[in-house]
Structures are given as structure tokens and as C-alpha cells.
Amino acid sequence: MSTTPFAAFTEPDRPKNLLIRAITVGGSQLPRPSRQATACRLRAALLVAAAVPLAAATAAVALRAGHWRLYADRHRINLTPQPCRSCPDCQGAGGWWVGGANPEMEACGCWANRPELRVRLLPVPAWPDEPPF
Ligand SMILES: [Zn+2]
């Protein structure tokens with residue numbers, strides 16, 4: 001029995017355990033993919049994210065991966081922080097209620113202390129000063 005010493009390197013190096021937590025398109029959440037999501041699904045999600053702003057003027061794509069939510073349309077690209085599912089304080093809820101008679105939601109530091117990243121693309125058209133009629 002002879003094996004080549006480089007047999008382990010014949011497979012291309014690619015990540016095998018990529019997980020997609022949720023994909024939202026135009027505000028509606030698609031069904032959550034199984035935990036066996038492959039790199040092929042991630043590639044398809046990235047293709048959708050890149051193709052939709054180019055194909056349709058009013059289309060918007062929002063992806064949620066990891067602890068960030070990506071939103072992209074022809075005017076902007078936003079990366080907003082999301083609560084961590086494994087947060088020991090909020091357990092992924094993003095905050096908790098405080099106060100008695102008038103309770104308020106207090107934001108958890110796992111997402112509230114991280115900055116939002118924003119890239120402006122095309123300017124939003126100016127709102128007209130005069131009424132249209
Ligand atoms: Zn938290």
C-alpha cells in the first residue's frame with residue numbers, strides 16, 4: 001500500500017463549518033438555514049448582497065451574520081451591532097426592563113457600546129420646499 005506524502009494537500013483549503021444565523025431581505029426574515037450551512041450558501045448570500053443594489057434601484061438587502069447586521073441599498077451601507085446570543089447579562093435579548101410603574105428598557109453593553117458603521121453612497125434627493133400642487 002503506497003500513499004503519496006502530499007495526499008493531505010490535494011483538497012483545497014476551504015472553511016467547512018461556516019454558519020449563517022439569519023438572512024433578511026427587505027425587512028422580512030427568510031427561514032433560518034440549518035446548522036449544516038455550507039460555504040456554498042454563504043457564497044450565494046454574498047452574491048445576493050452584491051447583486052441586488054446593482055440590479056434594482058429600490059431594492060435593499062440586509063444580512064445578519066455574527067454580531068452585526070448588514071443593510072445595503074443604493075444610498076448607504078450600514079453595519080449595525082446586534083446583541084450577542086451568548087451574552088451572560090441579556091442572553092441575546094439586547095437588554096432588560098428596569099423601573100417599577102413606568103418600566104424602561106435598558107440596553108445591554110454587548111451591542112450598545114459598539115459603534116455603527118455607515119458608508120454613504122448616492123446622496124438622498126433633497127425634499128422639495130414647495131408642495132407639489
Ligand atoms: Zn448582552
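Me: What should I know about the model and its numbering?
Reply: The model is predicted, so local features need pLDDT of at least 70 and side-chain atom pairs pLDDT 80 or more, while totals for chains, interfaces and linings use all residues. Residues are numbered from 1 along each chain as its sequence is written, and side-chain values use heavy atoms, with hydrogens and water left out.

Me: Which residues coordinate the zinc ion?
Reply: Donors are N, O and S atoms within 2.8 Å of the metal (3.2 Å for Na, K and Ca); water is not among the atoms, so sites may look incomplete. Here the SG atoms of Cys87, Cys90, Cys108 and Cys110 coordinate the zinc ion at 2.3 Å. Along the chain, the donors follow the spacing C-x2-C-x17-C-x1-C.

Me: Are Cys87 and Cys110 buried or exposed?
Reply: Buried means under 20% relative accessible area, exposed over 50%, and partly exposed in between (1.4 Å probe, protein chains only). Both Cys87 and Cys110 are buried.

Me: How many bridges join strands E4 and E5?
Reply: Strands (E, at least two residues) are DSSP runs numbered from the N terminus, and two strands pair if DSSP finds at least two bridges between them. E4 (residues 68–72) and E5 (residues 76–81) run antiparallel, joined by 5 bridges. They form a hairpin with 3 residues between them. Trp68 has Pro81 in E5 as its bridge partner.

Me: Which residue lies over the face of Trp68?
Reply: A charge sits over a ring if NZ of Lys or CZ of Arg is within 6 Å of the ring centre and within 35 degrees of the ring normal. Arg114 lies over the face of Trp68, 5.1 Å from the ring centre.

Notes. Helix = DSSP H or I, 4+ residues; strand = E, 2+ residues; numbered from the N terminus.
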